[in-house]
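Welcome! Let's take a friendly look at how charged side chains pair up in this protein. Have the sequence and the 3D view ready as you read.

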Amino acid sequence: MLPFDIVEYQERLEKTKRRMEAKGVEVLLLTDPANINYLSGYDAWSFYVHQALVVIIDEPQPIWIGRHQDASGARSKTWIYDENIIDYPDYYVQSETYHPMAFMGEILKQIGHGNRTVGVEMDHYYFSAKAYQRLIQSLPDATFKDASLLVNEIRLIKSDQEIEYMKRAAIIAEKAMSEGVKTIRPDVRECDTAANIYYHIASGTPEYGGDYPAIVPLLPSGENTSTPHLTWSERTFQEGDSVIIELAGCYKRYHVPLARTVSVGQPTDMLQQIAPFVIEGMNEVFDAVKPGMTCGEVEEVWRNKMKKRGVEKEARLGYSVGLNYPPDWGEHTASLRAGDSTILQPNMTFHFIPALWYANYGIEISETFRVTEEGCESFTTYPRELIINDPFQIDADGKIS
């Protein structure tokens, strides 16, 4: 059931231990489900309760600690020996008295690691202030260090197998985008377009079934396109609307995001004017990207091109992307923005999203790309353009609908 060969997991573990040694961490307690998956293969919707993967610098295998009813999943979906699967009873779940982090602390003391230097992911969604408080209470002799991005930074450079999974996710993304765009017509509800997109994200292709993405399809329309990160409503599309679709294909938890802007009928003058500038800037960046550049230098290419057009962008231009779980498909490491000194290397992957938002409209056209040995390549081949849907559609009977 493992998506990667055991040798690849062992290589990831060794890289993790080298980084632990460099940072002075002896015990690494991972709570981010993406990092747990990356090192163990564990994949389940159990991250709404406390769980962890414990990497001990001088032990050959990590330890999975989680809820009792999830332990069988850990035994079947990881390469970890059964004796390294440790579960806590259900009375620890959402209890005012008991806390899973206290349980984990007791386990570490019992196996002789209660006085070591423990790295924890301080800035992740799945490690709360109370979790940290209860952990340090249960390990009074331990020293704690912030290890928030220790594994995330290893994940920046993908293996060939990871790239293959992202290529499959890209095919799913293109299909979902194509099918979603078809439904954007007058009097169609936003929620019905979202349902169509979801169907194709999940069903995937005949060759590759899809997975749930870390972020739901984003689908603002009309004046709501001025605001990023809106989802959908019961509102119906109207002629003259612009609609932003941002989605991701997902395969084996690997994401390829893709965004496009659709005009229902003739686009507004503002949208017609800005779209070519965005596409020009994207093409300029794709021509420039190569290993050895920094993320900041990539952003500078875009900024210099857009400055000539009188266009400014406040938000970052993109971010590293790949393996993840809700609520985000980004890796939280490298960003395509001014000042980011991360050096591009082959098989780094980024969601490049030079979106622009104004007072009453916005535009998003995005691509996910891989840095290659000589430049970069986009995972998708979906037309890089402002999409214009004729508000009238001829059905199979030749009737205008």
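## A pair in helix α7

Helix α7 spans residues 160-182, and both Arg-168 and Glu-164 belong to it. Four residues, or about one turn of the helix, separate the two. Keep in mind as you explore that this is a predicted model.

Arg-168 and Glu-164 form a salt bridge, with 3.1 Å between their closest N and O atoms. Is Arg-168 buried or exposed? Its relative accessibility is 18%, so Arg-168 counts as buried, the limit being under 20%. Glu-164, by contrast, is partly exposed, with a relative accessible area of 29%.

## Another pair in the helix

Helix α7 also holds Lys-182 and Glu-179, three residues apart and separated by about one helical turn. These residues form a salt bridge too, and their closest N and O atoms are 3.3 Å apart.

Lys-182 has a relative accessible area of 47% and is partly exposed. Glu-179 counts as partly exposed as well, at 22% relative accessibility.

## Arg-189 and Asp-192

Which residue pairs with Arg-189? Its salt-bridge partner is Asp-192, and 2.9 Å lies between the closest N and O atoms. Arg-189 is partly exposed, at 35% relative accessibility, and Asp-192 is also partly exposed, with a relative accessible area of 35%.

## A network and the total

Some charged residues join in a network: salt bridges link Glu-280, Glu-284, Lys-305 and Arg-309.

How many salt bridges are there in the model? The count comes to 22.

How values were computed. Residues are numbered from 1 along each chain as its sequence is written. This is a predicted model: local features need pLDDT of at least 70, side-chain atom pairs count only at pLDDT 80 or more; totals for chains, interfaces and linings use all residues. Side-chain values use heavy atoms; hydrogens and water are left out. A salt bridge is a side-chain nitrogen of Lys or Arg within 4 Å of a carboxyl oxygen of Asp or Glu. Buried means under 20% relative accessible area, exposed over 50%, partly exposed in between (1.4 Å probe, protein chains only).
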